[in-house]
Amino acid sequence: MYNGKNNKRGKVSRFLDPRAPTIAPQTSYAPTRTATKPAGYLQIEQASQFQQDAPEFLAFVKDVVNMPVEMAPAVSEAISQQKWKIAPNPLSVVRTAAHQAAKRFSI
C-alpha cells in the first residue's frame, strides 16, 4: 500500500514529503501601461483629426514624418490603420506603413 514516502516504482515523492522544500506563492501579476506616450504619439493623434489635403496635415507629413508632401495619401492610410497606437515607436510604424501603402497605390 502507498505510505506517502515512496511511490509504486520506489521513487521518493517530493510533493508529499513534509521535509521537501516549499515554493513561495506567486504574487499576482497585473500588467501596467505607462502614463507617458511614446515620442510622436500626440502629433499623430492630432494629425489624424485633419483631412489629408489640409495645410496642417501636409506640414505634419513634411516636418514630423519627414516625407515628401506627395506621400500625404499614404501617410493618411497608415494613420487610419492605427497600428501606431500600440507600437513603442509610432513614427517608425507610420513611416513603414506609408511606404507599404505607397507601393499599393503605385505612387
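These are my notebook entries from a first look through this structure, which is a predicted model.

**Entry 1: the overall layout**

I started with the secondary structure. The chain has four helices and zero strands. Reading along the sequence, I get the pattern α-α-α-α. I then checked how much of the chain is covered. Of its 107 residues, 27% count as buried. The chain exposes about 8600 Å², and carbon and sulfur atoms supply 54% of that area. I also looked at contacts between residues at least 6 apart in sequence: 43% of them join residues at least 24 apart.

**Entry 2: the nonpolar core**

Which residues have the most contacts inside the largest nonpolar core? I found Phe57, Phe60, Val75, Ile79 and Val94, in a core of 22 residues. The largest share, six residues, comes from α4.

**Entry 3: helix α2**

I went to α2 next, which spans 55–64. Its buried residues are Phe57, Phe60 and Val61.

What do the buried residues of α2 pack against? They pack against α1 and α3. I checked the other side as well. The face of α2 turned away from the buried side carries the exposed residues Pro55, Lys62 and Asp63.

**Entry 4: the aromatic rings**

I searched the whole structure for aromatic pairs and got two. One of them is Phe57 with Phe60, a tilted pair at 6.0 Å centre to centre, with 40° between the planes. The two residues are three apart in helix α2, so about one helical turn separates them.

Lys37 lies over the face of Tyr41, at 5.0 Å from the ring centre.

**Entry 5: helix α3**

Then I moved on to α3, which runs over 72–81. Here Ala72, Ala74, Val75, Ala78 and Ile79 are buried. Seen down the axis of α3, these residues fall within an arc of 160°, so they line one face of the helix. They pack against α1, α2 and α4.

What does Val75 contact, leaving aside its neighbours within four places in sequence? I listed Phe57, Phe60, Val61, Val65, Met67, Val94 and Ala98. Phe57, Phe60 and Val61 in that list are the buried residues of α2.

Some background I jotted down first: most residues other than glycine have a negative phi.

Asn66 is one: its phi is positive, about 60°, although it is not a glycine. Asn66 follows α2 and lies in the loop between α2 and α3. I count Asn66 as exposed because its relative accessibility is 56%, and the cut-off for exposed is over 50%.

Gln82 is another, with a positive phi of about 65° although it is not a glycine. Is Gln82 buried, exposed or partly exposed? Its relative accessible area is 43%, so Gln82 is partly exposed.

**Entry 6: Ile86 in the loop**

My last stop was Ile86, which lies in the loop between α3 and α4. Is Ile86 buried or exposed? It is exposed, with a relative accessible area of 74%. How far apart are the C-alpha atoms of Ile86 and Tyr41? I noted 9.9 Å, for two residues 45 apart along the chain. Tyr41 is the residue whose ring has Lys37 over its face.

Conventions: Residues numbered from 1 in each chain as written. Predicted model: local features only at pLDDT ≥ 70, side-chain atom pairs only at ≥ 80, totals over all residues. Heavy atoms only, no water. Buried < 20%, exposed > 50% of the residue type's maximum accessible area, 1.4 Å probe, protein only. Contact = heavy atoms within 4.5 Å. Areas by Shrake-Rupley, 256 points an atom, 1.4 Å probe, with all protein chains shown as cover. Phe/Tyr/Trp six-rings, centres within 6.5 Å; stacked < 30°, edge-to-face > 60°. Lys NZ or Arg CZ within 6 Å of the ring centre and 35° of its normal. Core = buried A, V, L, I, M, F, W, Y, C linked by side-chain atoms within 4.5 Å. Arc of directions from axis to C-beta.
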